[in-house]
Amino acid sequence: MPDEPDDLLASANWSEIVRRIRSRTPARLLVGRAGAAYRTNTQLDLREAHAAARDAVRDELDLETTLARIL
């Protein structure tokens, strides 16, 4: 982050650093772990998002309705 001062890292205010990183991306960065696995809530969120993505891919597309909404 070129426009951010280096003293943010020196302050060791990790919660603020993590909040800033997460605000810039939808990726699940620095979510934490419990041993070698994700924490339960993180794992459930990942599975829910994956199921929603699979449903979206397999859902039937109604071109007439979609075009009517766009135009």
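User: Happy to start with Ile21: which residues does Ile21 touch, not counting those up to four places away in sequence?

Analyst: Ile21 touches Leu29 and Leu30; contact means heavy atoms within 4.5 Å. Do keep in mind that this is a predicted model, where local features need pLDDT of at least 70, side-chain atom pairs count only at pLDDT 80 or more, and totals for chains, interfaces and linings use all residues. Residues are numbered from 1 along each chain as its sequence is written, and side-chain values use heavy atoms, with hydrogens and water left out.

User: Why is Ile21 called partly exposed?

Analyst: Buried means under 20% relative accessible area, exposed means over 50%, and partly exposed lies in between (1.4 Å probe, protein chains only). Ile21 has a relative accessible area of 24%, so Ile21 is partly exposed.

User: And why does Leu67 get the label partly exposed?

Analyst: Its relative accessible area is 48%, so Leu67 is partly exposed by those cut-offs. Leu67 sits in helix 4 (residues 63–70), while Ile21 belongs to helix 2 (residues 14–23).

User: What makes a run of residues a helix or a strand?

Analyst: Both are DSSP runs, numbered from the N terminus: helices are H or I with at least four residues, strands are E with at least two. The protein chain has four helices and two strands, in the order α-α-β-β-α-α from the N terminus on.

User: How much of the protein chain is buried?

Analyst: Buried residues make up 10% of its 71 residues.
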